[in-house]
Amino acid sequence: MNKNYILMAVNKAGKNVYIDEVPNGKNCGCFCKECGGELVARHGEKRIHHFAHASGNDTINCSQTALHILAKEILAEEGRVPSINNNGQFEFIHADKISLESNLGEIIPDVLAVCGENRIAVEIFVTHAVDNVKFGKILNQKLTAFEIDLSKIKYENKDDVKNAIYDTKNIRLIYDDKIAQMTLERKKELIKANGIRKSIQGGIVKKCPMKCGIIGNRIAKMFDVRFSKCQNCFFSYISEDKESLLCMGNISQREAIPDWFVQANVNENRIMTNEEIQLRLNEFKKM
């Protein structure tokens, strides 16, 4: 399989069209959405149906843009979007309404669905994953959002892309307010059960386990850290008195880093993978 086929184009009327919806050859009257170049429809009994540039200059950017468009069109046609069931598993549910590229002010989701009283946004990852800037905008609106990762898939036709979209291994939750609140409560429970109260003295917190020297898998030394770091740390909870905090970190120089410290999937903003948690843990260690 080749992952670089151009399966979607735009016709003279400006409508997105799939390769099997147009006449063969130059009579298709289609153009590339990425570069605007004239396309030729190639239908063959043995060859994979696809578009090609009349100039012969097919680029990966053009195929990636076409894949992005096709994925959005599939979700709109099928009328289904990702959700999380009561068991915490991904599933697809039918939407009452689906729109593409809806302008929500500071953010324009690839797909926006209305499901009862809820809005669900879906971002299609082909070349660019949801970054911190876009995540911040999603968070500001408390918008339930999922990302479908198609960056590494191989495909020859619409069904291949559809199968990849509905493969739950390719789905990542970006934000869900109910889950965010649930994980925040779980975070507080963990901290209260396992943490230690630390005082804030002149804006400084003593012995931060996230800013520490490690020998093997053991903490050799913990350093002081500014309180502003604790405010952004997903392993600390600011007490109501604002003069102390509860920290989930180690308190003994002889204690091994516990599994729950590295793997605890708790965060105010979103559910993170173990890889993301490990990455953030490593970043805090370098502070």
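A residue is termed buried when its relative accessible area is under 20%, exposed when that area is over 50%, and partly exposed in between (1.4 Å probe, protein chains only). The structure described here is a predicted model, in which local features need pLDDT of at least 70 and side-chain atom pairs count only at pLDDT 80 or more, while totals for chains, interfaces and linings use all residues. Residues are numbered from 1 along each chain as its sequence is written, and side-chain values use heavy atoms, with hydrogens and water left out.

Of the 287 residues in the chain, 46% are buried. The chain has seven helices and 17 strands; these elements are DSSP runs numbered from the N terminus, helices being of type H or I with at least four residues and strands of type E with at least two. Contact is taken to mean heavy atoms within 4.5 Å. Among contacts between residues at least 6 apart in sequence, 53% join residues at least 24 apart.

Helix H1 comprises the 19 residues 60–78. The expected span of a helix is 1.5 Å times one less than its number of residues. For H1 this gives 27 Å, and the end C-alpha atoms are 27 Å apart, so the two values agree. The buried residues of H1 include Cys 62, Thr 65, Leu 67, His 68, Leu 70 and Ile 74. After the helix comes Gly 79, with a positive phi near 70°.

Two packed helices are described by the angle between their axes and the distance between the axes. Here, axes are lines fitted to C-alpha atoms, for helices over the stretch in contact, and angles run from 0 to 180 degrees between N-to-C directions. The axes of H1 and helix H3 (residues 158–165) come within 10 Å and cross at roughly 75°. The two helices are therefore roughly perpendicular to each other, given that angles under 35 degrees count as roughly parallel, over 145 as roughly antiparallel, 65 to 115 as roughly perpendicular and the rest as oblique. On the side of H1, the contact is made by Leu 67, Leu 70, Ala 71, Ile 74, Leu 75, Glu 77 and Glu 78, and on the side of H3 by Lys 158, Val 161, Lys 162 and Ile 165. Seven of these residues are nonpolar, none is polar and four are charged. In this division, Ala, Val, Leu, Ile, Met, Phe, Trp, Tyr, Cys and Pro count as nonpolar, Asp, Glu, Lys and Arg as charged, and the others, Gly among them, as polar.

Thr 65 also belongs to H1. Although Thr 65 and Lys 33 are 32 residues apart in sequence, their C-alpha atoms are 7.1 Å apart in space. Beyond its neighbours within four places in sequence, Thr 65 is in contact with Lys 33 and Glu 34. The side chains of Thr 65 and Glu 34 form a polar contact of 2.6 Å. A polar contact is a pair of N or O atoms within 3.5 Å; within protein, one must be able to donate a hydrogen and the other to accept it, and residues adjacent in sequence count only if both atoms are side-chain atoms.

His 53 lies in strand E5 (residues 50–53) and is buried, because its relative accessibility is 4%. Its side chain makes a polar contact of 2.6 Å with the side chain of Asp 58. When neighbours within four places in sequence are set aside, the residues in contact with His 53 include Ile 6, Cys 32, Cys 35, Leu 39 and Cys 62.

Ser 244, in strand E17 (residues 244–247), counts as buried at 7% relative accessibility.

Most residues other than glycine have a negative phi. Glu 101, which is not a glycine, has a positive phi of about 55°. This residue lies in the loop between strand E8 (97–100) and strand E9 (111–115) and is partly exposed, at 37% relative accessibility. Lys 142 likewise has a positive phi, near 50°. Lys 142 is placed in the loop between H2 and strand E11 (144–149), and at 49% relative accessibility it counts as partly exposed. At the start of helix H2 (residues 132–140), a side-chain oxygen of Asp 131 reaches to within 3.2 Å of the backbone nitrogen of Val 133.
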